[in-house]
Amino acid sequence: MKIIAQLSRFFVGVLFIISGLVKLNDPTGFSFKLEEYFSEAVLNLPFLEPHALSLAVILVIAEVLLGVALLLGFMRKLTLTLLFLMIVFFTFLTFYSAYFNKVTDCGCFGDAVPLTPWGSFTKDVVLLVLILIIIKYQKFIKPIFTTKANGALVLIALFLCSFMGYWVLNHLPLKDFRAYKVGTDIVKGMAIPEGAPKSEYEIVFHYEVNGVKKPFTMQELANLPEGAKFIDREEKLIKEGYQPPIHDFTMDKEGANHIEELMTEPKLILIISYDLDRADEKGLAAMKDFANKALVKGYKVVGMSASSEDKIESIIKKYDLPFEYYTCDGTTLKTIERANPSIVVIEKGVIIEKKHWKDSNNVNLK
């Protein structure tokens, strides 16, 4: 059991550190997942949504520190208690997500390792079992160094994690695991290969029969009871087909999608604000001067947002922005870039640079 306890200690400690660092690379992305959990449609805790980012940073730093403390054998009882509480919390979230199909990706490893809800739940159950083993045989968990040395190492880890969190929140993730990373050809990323499997759906019709709502398949319509009253129809996904890496990107304006023409532009800059109500005011103000500099250099500058037309017009007027906005799904814009606003430079459909608004002076305008 001593060997099993030590192996469990090593596995849990390393996994917590890796999981925490991957999320710390992109705490804003993890906060989006927490917002989904806090929404009225899931856990109905909307008062926590404004604090999602702060909670995300605290949770991921705690995750790393607990992993470090476990490996060092530092403050054994407190570390094991907090590990147990954290894994119970995560197990509850992933079970809720999987069972009720509410949040389809828990964000356990950010965008680096997407997991299905049941896959995430299974991972947490395994970790829970291993942590229980460690708790039961905690007498075998001995400190690697002296208490002062272990405490110093944990403090160093806290400092490094805090600095990393500060850096990525004020710039961009150190490593971009998303479908819109630098070097991505957006047009090619949207293409579906010839012969790729297509999604299969079953159409179900709902009729009222003798006052009772009943479902009927396409084949059963031939034997529809007399007097049946049609209510509605729905499509059920039977088998999911090939889905390209980029499948939900649009550039809509006045009811038309302008993506084809804009992706041919040799010098295009997107100013992305997924939600203008939540955009940084200093960032929006900075976009006026940046856009003017880019326009002088021959760039076509456009804004991207999921906000309403009225909101877009008010923002353009308030900050005297020299560009128009195109609309796109908010989740897609969150995926493209985390800062609000942020800058994406594109050459003929290929993303060549991405910057936080605070780094607008560092954008390479050719």
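Select Asn210 to begin: at 78% relative accessibility, Asn210 counts as exposed, where exposed means over 50% relative accessible area, buried under 20% and partly exposed in between (1.4 Å probe, protein chains only). Asn210 sits in the loop between β1 (200–209) and β2 (212–217); helices (H or I, at least four residues) and strands (E, at least two) are DSSP runs, numbered from the N terminus. Check its backbone too: phi of Asn210 is near 55°, a positive value in a residue other than glycine.

Before you go further, some ground rules. What you have open is a predicted model, in which local features need pLDDT of at least 70 and side-chain atom pairs count only at pLDDT 80 or more, while totals for chains, interfaces and linings use all residues. Residues are numbered from 1 along each chain as its sequence is written, and side-chain values use heavy atoms, with hydrogens and water left out.

Next, pick Met75, in the loop between α3 and α4. Met75 is not a glycine, yet its phi is positive, about 45°. Is Met75 buried or partly exposed? With a relative accessible area of 45%, Met75 is partly exposed.

Now jump to Pro341, in the loop between α11 (330–336) and β9 (342–347). Look at the peptide bond that joins Asn340 and Pro341: this one is cis, with omega about 10°.

Then try Glu324, which belongs to strand β8 (residues 324–327). Glu324 is partly exposed, at 46% relative accessibility. Draw a C-alpha to C-alpha distance from Glu324 to Ile312: the two are 8.8 Å apart in space and 12 residues apart in sequence.

**Rings**

Time to show the aromatic side chains. A pair of aromatic rings is described by the distance of the centres and the angle of the planes. Here, rings of Phe, Tyr and Trp (its six-membered ring) pair if their centres lie within 6.5 Å; planes under 30 degrees apart count as stacked, over 60 as edge-to-face and the rest as tilted. How many aromatic pairs does this rule give? The count comes to 15.

Zoom in on one of them, Tyr99 and Phe100, an edge-to-face pair with 5.0 Å centre to centre and 80° between the planes. Tyr99 is exposed at 54% relative accessibility, whereas Phe100, at 42%, is partly exposed. For a stacked pair, select Tyr137 and Phe140, with 6.3 Å centre to centre and 20° between the planes. Phe140 is partly exposed, with a relative accessible area of 21%.

Tyr137 has another neighbour to show: Lys136 lies over the face of the Tyr137 ring, 5.6 Å from its centre. A charge sits over a ring if NZ of Lys or CZ of Arg is within 6 Å of the ring centre and within 35 degrees of the ring normal. Lys267 lies over the face of Tyr299 as well, at 4.6 Å from the ring centre.

**The core**

In soluble globular proteins, nonpolar side chains tend to be buried together. A nonpolar core is a set of buried Ala, Val, Leu, Ile, Met, Phe, Trp, Tyr and Cys residues joined through side-chain atoms within 4.5 Å. The largest one has 36 residues, and those with the most contacts inside it are Val12, Phe16, Leu34, Ile61, Val68 and Leu83. Colour α1 (2–24), α2, α3, α4 (76–100), α5 (117–136) and α6, the elements that give two or more residues to this core. Which element gives the largest share of this core? That is α3, with 13 residues.

**A pocket to finish**

Last, select Thr28, Leu53, Tyr274, Arg338 and Asn340, which lie nearest the centre of the second largest pocket, out of 25 lining residues. A pocket is an open set of points on a 1 Å grid over the protein atoms alone, with protein on both sides within 12 Å along at least five of seven lines, and lining residues have an atom within 4 Å of a point. Helix α2 gives the most to the lining of this pocket, with 4 residues.

Technical notes. On a 1 Å grid over the protein atoms alone, a cavity is a set of points where a 1.4 Å probe fits but cannot get out, and a pocket is an open set with protein on both sides within 12 Å along at least five of seven lines; lining residues have an atom within 4 Å of a point.
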